[in-house]
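Please look over the structure shown below. A short report on its helices and its surface follows.

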Amino acid sequence: VSTLAGGPRQLDTQKVAAAAGGNNYDEDADPLNAPAVLQAVKEFRKSLEKTNSVQQKRRIQLVKERLERVVPLIRQQMQ
(Lines give C-alpha, C1' and ligand atoms only; values in the text may rest on other atoms or scores of the structure.)
Protein backbone atom coordinates (compact mmCIF):
# COMPACT_ATOMS: atom_id res chain seq x y z
CA VAL A 1 0.00 0.00 0.00
CA SER A 2 1.34 3.43 -0.76
CA THR A 3 0.41 6.86 0.46
CA LEU A 4 -0.71 9.67 -1.78
CA ALA A 5 2.81 11.08 -1.65
CA GLY A 6 4.04 7.85 -3.20
CA GLY A 7 5.90 6.44 -0.23
CA PRO A 8 5.28 2.91 1.04
CA ARG A 9 3.65 2.36 4.40
CA GLN A 10 2.81 -0.62 6.55
CA LEU A 11 -0.77 -1.54 7.41
CA ASP A 12 -1.57 -1.69 11.10
CA THR A 13 -2.94 -5.20 11.62
CA GLN A 14 -5.13 -4.07 14.53
CA LYS A 15 -6.72 -1.34 12.40
CA VAL A 16 -7.27 -3.79 9.56
CA ALA A 17 -8.84 -6.30 11.93
CA ALA A 18 -11.09 -3.61 13.40
CA ALA A 19 -12.17 -2.54 9.92
CA ALA A 20 -12.94 -6.17 9.09
CA GLY A 21 -15.38 -6.48 11.97
CA GLY A 22 -13.51 -6.49 15.21
CA ASN A 23 -10.29 -7.56 16.83
CA ASN A 24 -11.25 -11.23 17.02
CA TYR A 25 -9.53 -12.12 13.73
CA ASP A 26 -7.99 -15.58 13.85
CA GLU A 27 -5.26 -15.85 11.21
CA ASP A 28 -5.10 -19.64 11.53
CA ALA A 29 -8.85 -20.03 10.92
CA ASP A 30 -8.86 -17.76 7.86
CA PRO A 31 -9.58 -19.95 4.81
CA LEU A 32 -7.34 -17.72 2.69
CA ASN A 33 -4.38 -18.93 4.73
CA ALA A 34 -5.04 -22.58 3.90
CA PRO A 35 -1.97 -24.37 2.50
CA ALA A 36 -3.71 -25.07 -0.82
CA VAL A 37 -4.58 -21.39 -1.28
CA LEU A 38 -1.08 -20.25 -0.37
CA GLN A 39 0.40 -22.78 -2.81
CA ALA A 40 -1.95 -21.62 -5.58
CA VAL A 41 -0.96 -18.00 -4.96
CA LYS A 42 2.73 -18.97 -5.04
CA GLU A 43 2.29 -20.79 -8.37
CA PHE A 44 0.30 -17.88 -9.81
CA ARG A 45 3.03 -15.42 -8.85
CA LYS A 46 5.68 -17.61 -10.51
CA SER A 47 3.54 -17.84 -13.65
CA LEU A 48 3.00 -14.09 -13.65
CA GLU A 49 6.73 -13.42 -13.23
CA LYS A 50 7.50 -15.77 -16.13
CA THR A 51 4.90 -14.09 -18.34
CA ASN A 52 6.21 -10.63 -17.48
CA SER A 53 9.76 -11.79 -18.17
CA VAL A 54 8.81 -13.12 -21.60
CA GLN A 55 6.93 -9.93 -22.44
CA GLN A 56 9.84 -7.77 -21.28
CA LYS A 57 12.30 -9.72 -23.45
CA ARG A 58 9.94 -9.37 -26.42
CA ARG A 59 9.64 -5.59 -25.91
CA ILE A 60 13.43 -5.30 -25.72
CA GLN A 61 13.77 -7.27 -28.95
CA LEU A 62 11.16 -5.12 -30.73
CA VAL A 63 12.88 -1.89 -29.69
CA LYS A 64 16.26 -3.27 -30.77
CA GLU A 65 14.89 -4.28 -34.19
CA ARG A 66 13.20 -0.94 -34.71
CA LEU A 67 16.36 0.97 -33.75
CA GLU A 68 18.41 -1.16 -36.13
CA ARG A 69 16.05 -0.14 -38.94
CA VAL A 70 15.61 3.53 -38.08
CA VAL A 71 19.06 4.67 -36.87
CA PRO A 72 20.77 4.24 -40.27
CA LEU A 73 17.96 6.21 -41.93
CA ILE A 74 18.26 9.03 -39.41
CA ARG A 75 22.03 9.12 -39.79
CA GLN A 76 21.65 9.27 -43.56
CA GLN A 77 19.18 12.18 -43.29
CA MET A 78 21.53 14.11 -41.00
CA GLN A 79 24.40 14.01 -43.52
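Where is the place of Val41? Val41 lies in helix 2, which covers residues 35-78. The model is a predicted one.

## Overall make-up

The protein chain holds two helices and zero strands. Of its 79 residues, 3% count as buried. The chain exposes about 7,700 Å², and carbon and sulfur atoms supply 56% of that area.

## Helix 2

Helix 2 has 44 residues. From its first C-alpha to its last, helix 2 reaches 63 Å, close to the 64 Å expected at 1.5 Å a residue.

Helix 2 is bent by about 25 degrees at Val70. A proline, Pro72, follows that bend within four residues.

Together with Leu32 and Val37, Val41 makes a nonpolar surface patch of about 250 Å². In an α-helix, residues three or four places apart point the same way, because there are 3.6 residues a turn.

Methods:
Residues are numbered from 1 along each chain as its sequence is written. This is a predicted model: local features need pLDDT of at least 70, side-chain atom pairs count only at pLDDT 80 or more; totals for chains, interfaces and linings use all residues. Side-chain values use heavy atoms; hydrogens and water are left out. Patches are made of residues with over 30% relative accessible area and no salt bridge: like charges are joined within 9 Å, nonpolar side chains (Val, Leu, Ile, Met, Phe, Trp, Tyr) within 5 Å. Accessible areas come from the Shrake-Rupley method with a 1.4 Å probe; for residues, only the protein chains shown count as cover. A salt bridge is a side-chain nitrogen of Lys or Arg within 4 Å of a carboxyl oxygen of Asp or Glu. Buried means under 20% relative accessible area, exposed over 50%, partly exposed in between (1.4 Å probe, protein chains only). The expected span of a helix is 1.5 Å times one less than its number of residues. The bend at a residue is the angle between axes fitted to the seven residues ending there and the seven starting there.
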